[in-house]
Every structure is written in C-alpha cells, then in structure tokens.
Amino acid sequence: LDIHAGGIDLTFPHHENEIAQAEAATGRPFARFWLHCEHLMVEGQTMSKTLGNFYTLRDLLAQGWPPEAVRYLLASVPYRKQLNFTFDGLKSAQTAIERLRNYKLRLETGHFPEGRSEKVAGRNAEALRRFEESLDDDLNTAEALAAVFEYIRDANTAMDQGEFRKGNVAAAQDLLGRFDGVFDVL
C-alpha cells in the first residue's frame, strides 16, 4: 500500500499487528505512509451513537447539506488535529465555497485590461508555492487553504483596483484548478 489510514487509537497494537502479519507473509514493507487521524468531535463532545451526535454522510445529505461543504469542513483541519464538527462550521464551509465559486466566475467573465501585472503574477506564484509546500508538510490542509484564500483576497483587490490583467487570468485559473484537484469543492 502507498497510504494506510486509521484512527489514532489504532496505532498500537492494531496497526503494529497488521504490519507484522503483512510483512511476514509478503517479505515486503506493508505501507509507505501512515495517516493516523484524530477523533472527530461534534459540538464539543466526542462523536458517539450513545450521545446521539453521530452523523453519517447520508444523514447530512438528507438534511440538505451539499457534499462539497462536508468535504471542505472535514479537510479544513489537518488530519492530526481534532476537528469540532458543528453545523455553524458547515455553514462557514458553504460560505467559503461560494467565495471560491464567485472568484472563479469573476475570472471567467471579468473584463480585464490588456497586459500582465508582474505583481499579481508574483503573488500567484507565491500562493501556488505556499499551497504545495503546505500539502507537502504532512498534508497541512489548513495552511494550504489559507494560501489560496489570501491570494484570492489579494486578486479580488487587484481586480477592484484595475491592476489584475488579462495576462494574469490563466495562472489564476491554474492555481484554482490545482486547488480543486485536491479539495474538489468547485
């Protein structure tokens, strides 16, 4: 396996036993990467059926929540950190996705002056570098999201001030495409 995932509670002895069994049977390493995730909290309490705060994806979809909002919320916190799932958090995730979609629409339909702004191009390259470095840093999704949203704020400001140019659109769309290739919320 390239990646094996599980809860933090399975590190020992469960995953240690899996490694021993698989490697004894095959003579090869069992997994290249291990992702041990923290437990999910719901409204400040550990998620459990007995507390009645246990939700499946099917439950959330039946309540009308879009799957991309659930995905965004769950990915907004690095896997090693505990996420406190709340319905306000889902609303915030939806708002963030709308902000991304509005920016994408603005890129697609905006009328920008000819040319290319080197300042905007540099900011785009910096955002892409930060996005990729954050993901390479133990899948730090929170920092990756921050890199993109800071860029979008700056790009929107540049658009409002007439500094964003036609020559900046392709790189901005590429950054958004790379982002969505990972988070898949657009």
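The following legends describe close-up views of a predicted model.

**View A. Parallel pairing of strands β1 and β2.** Strand β1 (residues 3-7) and strand β2 (residues 33-37) run parallel and are joined by 5 bridges. Within this pairing, His4 has Trp34 of β2 as its bridge partner.

**View B. A cis peptide bond at Pro13.** The peptide bond from Phe12 to Pro13 adopts the cis form, with omega near 5°.

View C. Glu43 is not a glycine, yet its phi is positive, at about 50°. The residue is located in the loop between β3 (41-42) and β4 (45-46).

**View D. Packing of helices α5 and α6.** The axes of helix α5 (residues 118-136) and α6 cross at roughly 170° and come within 7 Å. Because angles over 145 degrees count as roughly antiparallel, α5 and α6 are described as roughly antiparallel to each other. On the α5 side, the contact is made by Val120, Arg123, Asn124, Ala127, Arg130, Phe131, Ser134 and Leu135. On the α6 side, the contributing residues are Thr141, Glu143, Ala144, Ala146, Ala147, Val148, Glu150, Tyr151, Asp154 and Ala158. By class, the residues of the contact of α5 with α6 comprise 10 nonpolar, 3 polar and 5 charged.

**View E. Packing of helices α6 and α7.** Helix α6 (residues 141-160) packs with helix α7 (residues 166-183) at an angle of about 155°, and their axes are 12 Å apart. The two helices, α6 and α7, are therefore roughly antiparallel to each other. The crossing in which α6 passes α7 is left-handed. From α6, Thr141, Ala144, Leu145, Val148, Tyr151 and Ile152 take part in the contact. They meet Ala172, Leu175, Leu176, Phe179 and Phe183 of α7. The residues of the contact of α6 with α7 comprise 10 nonpolar and 1 polar, with no charged residues.

Definitions and conventions: Residues are numbered from 1 along each chain as its sequence is written. This is a predicted model: local features need pLDDT of at least 70, side-chain atom pairs count only at pLDDT 80 or more; totals for chains, interfaces and linings use all residues. Side-chain values use heavy atoms; hydrogens and water are left out. Axes are lines fitted to C-alpha atoms, for helices over the stretch in contact, and angles run from 0 to 180 degrees between N-to-C directions. Helices (H or I, at least four residues) and strands (E, at least two) are DSSP runs, numbered from the N terminus. Angles under 35 degrees count as roughly parallel, over 145 as roughly antiparallel, 65 to 115 as roughly perpendicular and the rest as oblique. A crossing is left-handed if the near helix is turned anticlockwise from the far one by less than a right angle, and right-handed if clockwise. Contact means heavy atoms within 4.5 Å. Ala, Val, Leu, Ile, Met, Phe, Trp, Tyr, Cys and Pro count as nonpolar, Asp, Glu, Lys and Arg as charged, and the others, Gly among them, as polar. Two strands pair if DSSP finds at least two bridges between them.
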